[in-house]
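Please read them alongside the coordinates.

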Amino acid sequence: MSSKSVILQCKEVSVEFDGFKAVTGMNLELARGELRFLIGPNGAGKTTVLDVICGKVKPVSGKVLFQGKTELTRRKEHQIAELGVGRKFQAPSIFPSLTVMENLEISMRQQRGLLAALRARMTREDEQRLKDQLQMIGLERKGAWRAGGLSHGEKQWLEIGMLLLQEPQVLLLDEPVAGMTDKETHKTGELLRQIAAKRSVVVVEHDMEFVRNFASKVTVMHEGRLLREGTMEEVQRDARVAEVYLGKRRVELDVSRSTA
Amino acid sequence: MRERSWTAQRIYMLIGYAAAAAALFCAPLYLSDFRLNLLAKFLAFAIVALGLDLIWGYTGILSLGHGVFFGLGAYAMAMYLKLEASGDKLPDFMGWSGLANLPWFWKPFESFWFAAAAGIAIPALLALVLGFFTFRNRIKGVYFTILTQALVIITTTLFIGQQALTGGTNGLTGFTTVLGYPIGSPDTKRMLFWVTGAVLLAVYLMCRYIVGSRLGKVLRAIRDGENRARFIGYNPASYQIFVFVVSAALAGIGGMLFVLHVGIISPSMMAIVPSIEMVLWVAIGGRGTLIGAAAGAVLLNYAKSSFSESYPDAWLFFLGGLFVVVVVFLPKGAVGLLGKIKWPKRRRTGHEQQVRHSAV
């Protein structure tokens, strides 16, 4: 892989919380336009890796390079967001007292300074962009709703819509289908496909069925370390992965069945 | 959404605003000089309330220290008035404290315009410094509120302690003229009333502009989820500092006008109880709506003065009780009640949901 096509690079990233090693020497390389799944059992450090990339958590050692040159670990969250790294947290986080349209309006790629925000006017193109986005996330009839009144799934889509209007080059999604019905999960999968066509995406996911729908590279983490990287088949065939993740899950299932 | 149709609600609202403005500016026709002066004072308070609403109602930051900003504005104007009243001589209280010369920082206050500018700039600057160190370090919620209370205690202690420079517990009073006009004459009072009304109107329009702009939406977004706003790329600290500075400046303006109407300012008027009372005007009137905050300030102070005329001791109990009722039953304040009226052909904006304010 030539370094030109690499958009994001984590090099030997380690994170500690009060002495607890959450992530140890993690390496991750994301190519431009790639859709990557990050999987692993609970506590493997998947979310922490996303937190490091978007600046929420500062690593004790290691680097995160954006576009081969910009060191992200020294920047603040809002600066990283401005550079083009979007983050979606596990719980839907939209602005409940703003309308759906207003949520999209402030997310749109634009100058984020005070004066710019004070003077900002909606142009016709802006309005069209917001309406197109509204259509894409399937909320075209709910533009004037208070975002707090949307259902769980709708909130998730709104948040994805907000992220897309930010026009990030790298999108970090934390369990985008958690808590969704089958129908909602399917729709989110479609959204994800459209999103991944235009930008690089990292998805943390628990739902193996969901991951299998995409022919992409999978990175497996375990106890803060990189365990295996490859296609879904390769990963599933790997004995260690089966042991720590898939196998363990089966054991858990058996246990829960026997105790039920 | 920029569509603005002439719905019935909008027309009623505009008529209401026009009527209220007309009634306000004609007040000298039907109010006695005494009542007019009271109303002028309430309008000055309404300016403070608008500023508090920007920071608390719209941005979710509770300041219990706005008495200080109000007081700093009031003292700036009072210093000018005191110097004008003293003529060539030293202000009386300085003589009593054994001061022989006018302190250097009093000198520029001989100019009305310097005093007026300082009455805005000093509170704004103090808010800028305080905001810079708190918001940039992500101090928020109750911790910020406690800091603002500390600010009140420090400031009042300082003003009481420096008797020779500030007039101590008694504050500054004994004014005679403003810009050469006798400050107590009915003509001057009427003029001051109109000035206050005009300033209130200008401040109201400015606040509406801020709240309606995209900046206003970002402020509400920060109230709803500061972290989320950060990950969109906004720096919440700069927005919080901005709104804190604006609201401190507005409190300063209110303070200056207050002194012109009342003729005295003392440390007790910028202490903890008045600071909390200011927040109550906004809470009871309806935070998150500008008209609610302004009306809350005027109506509560009207109630206070008429109540205290007959039952001086009962006022605080009444105010406390009212606050409890509003917090428990009307989280959006008195204006929230009006919002429940069903207007004909009202544009439906989804569910009638309660806006979840972060409580502190």
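Notes on the model

1. In strand 10 of chain A, Thr231(A) is the bridge partner of Lys217(A). The model is a predicted one, and the points below should be read on that basis.

2. Strand 9 and strand 10 of chain A form a hairpin with two residues between the strands. Glu223(A), in this hairpin, has a positive phi near 45°.

3. In chain B, helix 13 covers residues 272-285, which is 14 residues. From first C-alpha to last, helix 13 spans 20 Å, close to the 20 Å expected at 1.5 Å a residue.

4. How many residues of helix 13 of chain B are buried? Eleven of the 14 are, and the helix is mostly covered. Among the buried residues are Met278(B), Val279(B), Leu280(B), Trp281(B) and Val282(B), as well as Pro274(B) and Glu277(B). After helix 13 of chain B comes Gly286(B), with a positive phi near 130°.

5. A nonpolar patch on the surface is formed by Leu125(B), Leu128(B), Val129(B), Phe132(B) and Phe133(B). Together these residues have about 480 Å² of accessible area.

6. One member of the patch, Leu128(B), lies in helix 6 (residues 112-135) of chain B. Leu128(B) counts as partly exposed because its relative accessibility is 41%, and that class lies between the cut-offs of under 20% for buried and over 50% for exposed.

Conventions: Residues are numbered from 1 along each chain as its sequence is written. Chains are lettered from A and ligands numbered from 1 in the order in which they are written. This is a predicted model: local features need pLDDT of at least 70, side-chain atom pairs count only at pLDDT 80 or more; totals for chains, interfaces and linings use all residues. Side-chain values use heavy atoms; hydrogens and water are left out. Two strands pair if DSSP finds at least two bridges between them. Helices (H or I, at least four residues) and strands (E, at least two) are DSSP runs, numbered from the N terminus. The expected span of a helix is 1.5 Å times one less than its number of residues. Buried means under 20% relative accessible area, exposed over 50%, partly exposed in between (1.4 Å probe, protein chains only). Patches are made of residues with over 30% relative accessible area and no salt bridge: like charges are joined within 9 Å, nonpolar side chains (Val, Leu, Ile, Met, Phe, Trp, Tyr) within 5 Å. Accessible areas come from the Shrake-Rupley method with a 1.4 Å probe; for residues, only the protein chains shown count as cover. A salt bridge is a side-chain nitrogen of Lys or Arg within 4 Å of a carboxyl oxygen of Asp or Glu.
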